[in-house]
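Subject: Handover of a structure

Dear colleague,

Please find below the structure that I am handing over to you. The notes that follow it set out what was found.

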Amino acid sequence: MSRTAGQERLEPRVVVNFDRPSRRYDPQETVRLQYHVAGTGDAQVRMIERSALWYTEGKGEEDLGICFFERITDAEHLPPTQRQGEFAFRLPASPMTYEGTIVKIRWCVRVRLFFKGRRDFVSEHVFDVGELPPAMPLRQPPTAPR
Amino acid sequence: MVTFRLPRLFEKKRGSRRTGSQAWGQFGEACFYGSLLVAGVVFTVILGRRILEAPGFASISLWTWLLTLLLPGALLSIGGSGLARLLTGWGRSEEGMAALRRFPEMFQPSGRGFDANEFPSVPPWENFNNSPGTMLRYRLPLESAESWSVFGFGLFAVLWNAVVILLAVAAGVDFVGGQTDWLLLAILVPFVAIGIGGVVVFVRALVLQNAVGPTQIEIADHPLRPGDRCDVIIGQGGIGMFRQISLSLELEELATFRQGTDTRTERRVVREEPVAEWRAITIAPGHRFEERASFEVPAEAMHSFASLHNSVTWRIAVRVEPAKWPKFTRHFPIVVLPQRTGPTLLNTPPAGIATVGSGR
């Protein structure tokens with residue numbers, strides 16, 4: 001990746017602390033968390049997006065569902081002026097975290113930093129909703145329906 | 001604002017991630033849709049002017065107008081919709097786009113109880129509950145894959161044999177005229193074989209679908225929750241001897257993905273709970289096999305889930321092994337809701353979507 005002359009190399013990091021160290025929540029519980037942005041130097045952050053979402057993993061195309069989304073654009077609430085933040089959101093009743101064989105559902109919190117004149121940076125922090133055992137394959141493929 | 005970087009001719013693809021610049025990709029897409037839109041406008045102007053300047057303008061029918069404007073209309077709609085989609089997503093993150101798509105949901109009422117809005121990504125179950133049973137509360141609909149397969153086989157047989165007939169007529173005309181096109185005859189032989197095979201497969205599927213008789217499933221409650229016990233009644237029509245009829249509860253994962261230009265679907269059964277099994281059954285004319293059983297949804301079960309490309313489906317599977325016909329399986333999907341949580345939590349307001357600050 002080329003850099004414009006004079007641009008310092010950034011190594012942004014977002015450290016997230018959930019209110020529950022196990023990072024396991026039940027559906028419809030409220031998740032509270034704090035985050036700290038580091039490694040941005042004096043680079044100007046023009047916007048932060050913080051979100052909570054589920055996405056699918058596995059064999060199929062990725063699907064995504066948003067549960068919480070917030071955009072911060074006030075300079076006084078952005079790094080380098082303010083590097084910490086906190087937010088809370090209530091989980092919906094579904095979907096639950098699922099470790100299937102070809103379909104997996106994961107929940108995560110994302111903090112996305114938009115820099116002036118640079119590429120944006122996203123930090124993802126996975127947590128669990130519910131406590132389901134992983135699925136095991138039985139047979140493949142199943143008999144054709146009639 | 002993004003650091004300027006020239007596009008590369010060759011790029012790497014690592015899983016779903018690409019090494020190329022997203023901005024250049026969007027620029028390329030914008031150029032493509034923009035050129036379609038411009039072509040549509042140019043075509044419309046040129047065709048419109050020619051029609052307006054034609055001597056018999058007043059006598060041009062509506063169908064002629066529609067046919068003339070078909071191509072420019074398609075170009076305008078594809079180019080315009082593509083550009084609108086690009087502009088909506090320009091500079092937005094994946095999460096921002098998802099939030100934008102979810103925005104209309106915020107205006108929907110979210111009542112409590114068994115309301116579909118209360119269970120995001122759980123498939124709707126209204127269609128499963130609108131057919132009352134004769135002995136239990138609901139009669140479940142049959143998964144429609146069976147009928148679609150027969151329809152598909154029939155359509156293939158008709159279309160393929162239409163092509164075969166055209167080729168055969170051409171070969172016959174040549175033959176009557178005293179000419180023999182050997183190449184055409186050589187092509188015709190495998191085409192006829194495939195055509196006959198298509199008809200055989202279609203007739204076999206049609207006979208199998210109708211010969212054994214319908215299967216009906218009624219259940220006492222729906223939708224279900226993990227740990228719920230539910231009564232079920234199976235009814236199997238037909239005449240004669242059946243080696244075995246079995247009932248089980250299955251959990252199937254389904255994933256749709258693109259492979260090149262194809263869209264493929266993979267299914268995998270990840271859980272199977274036997275419910276009941278009956279052997280050596282004889283059904284007399286005018287009667288049907290009818291039995292009651294009960295099953296329990298596993299307490300630690302995953303709930304039903306459906307998104308655009310992925311799903312997790314619970315279903316009742318009926319495996320029938322007739323004495324004189326090939327064995328078959330019929331599926332009756334059900335919906336399993338997530339495990340119950342504390343009632344007080346249901347009253348807290350839902351999570352939201354907000355923008356803090358003075359805008360982008």
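**Surroundings of A:Arg50**

The side chains of A:Arg50 and A:Tyr35 are joined by a polar contact of 2.9 Å. Please bear in mind throughout that this is a predicted model. A:Arg50 belongs to strand E4 (residues 45-58) of chain A. Its relative accessibility is 9%, under the 20% limit, and A:Arg50 therefore counts as buried. A polar atom of the A:Arg50 side chain also lies 3.5 Å from the backbone oxygen of A:Glu86. Leaving out residues up to four places away in sequence, A:Arg50 touches A:Tyr35, A:Phe68, A:Phe69, A:Glu70, A:Ile72, A:Gly85, A:Glu86, A:Phe87, A:Arg110 and A:Val111.

**Aromatic rings**

Over all chains, a search of the whole structure finds 16 aromatic pairs. In the pair of A:Phe18 and A:Tyr25, the ring centres are 6.4 Å apart and the planes stand at 45°, so this pair is tilted. A:Phe18 and A:Tyr25 are both buried. In chain B, B:Trp278 and B:Phe289 form an edge-to-face pair, with 5.4 Å from centre to centre and 70° between the planes. This pair links distant parts of the chain, 11 residues apart: B:Trp278 is in strand E7 (residues 262-283) of chain B, and B:Phe289 is in strand E8 (residues 289-296) of chain B. Both B:Trp278 and B:Phe289 are buried.

**Nonpolar cores**

The largest nonpolar core holds 70 residues, of which A:Phe89, A:Phe127, B:Ile217, B:Ile219 and B:Ile316 touch the most other members. Strand E8 (residues 103-115) of chain A supplies the largest share of this core, with seven residues. There is also a second, separate core of eight residues, among them A:Leu53, A:Leu64, A:Cys108 and B:Ala99. Neighbours within four places in sequence aside, the contacts of B:Ile217 include B:Tyr138, B:Leu140, B:Val232, B:Ile234, B:Ile316 and B:Phe332.

**Strands and sheets**

In general, the side chains of a regular strand alternate between the two faces of the sheet. Strand E1 (residues 13-18) of chain A has A:Val14, A:Val16 and A:Phe18 on its covered face, and A:Arg13, A:Val15 and A:Asn17 on its uncovered face. E1(A) pairs with strand E3 (residues 30-38) of chain A in the antiparallel sense, over six bridges. Within E3(A), A:Ala38 is the bridge partner of A:Arg13.

In chain B, four strands form an open sheet in the order E3-E4-E5-E8, with antiparallel pairing. Strand E3 (138-139) and E8 of chain B are at the edges and have a single partner strand each, so one side of each is left without a neighbour in the sheet. The partners strand E5 (residues 229-236) of chain B and E8(B) are joined over eight bridges in the antiparallel sense. B:Ile234 stands opposite B:Glu291 in E8(B).

**A residue in helix H1 of chain B**

B:Val45 is located in helix H1 (residues 22-53) of chain B. B:Val45 counts as partly exposed because its relative accessibility is 43%, between the limits of 20% and 50%. From C-alpha to C-alpha, B:Val45 and B:Pro72 are 9.3 Å apart in space, and they are 27 residues apart in sequence.

Yours sincerely,

A colleague

Methods
Residues numbered from 1 in each chain as written. Chains lettered and ligands numbered in written order. Predicted model: local features only at pLDDT ≥ 70, side-chain atom pairs only at ≥ 80, totals over all residues. Heavy atoms only, no water. Phe/Tyr/Trp six-rings, centres within 6.5 Å; stacked < 30°, edge-to-face > 60°. Buried < 20%, exposed > 50% of the residue type's maximum accessible area, 1.4 Å probe, protein only. Helix = DSSP H or I, 4+ residues; strand = E, 2+ residues; numbered from the N terminus. Core = buried A, V, L, I, M, F, W, Y, C linked by side-chain atoms within 4.5 Å. Contact = heavy atoms within 4.5 Å. Polar contact = N/O pair within 3.5 Å; in protein donor to acceptor, adjacent residues only side chain to side chain. Pairing = 2+ DSSP bridges.
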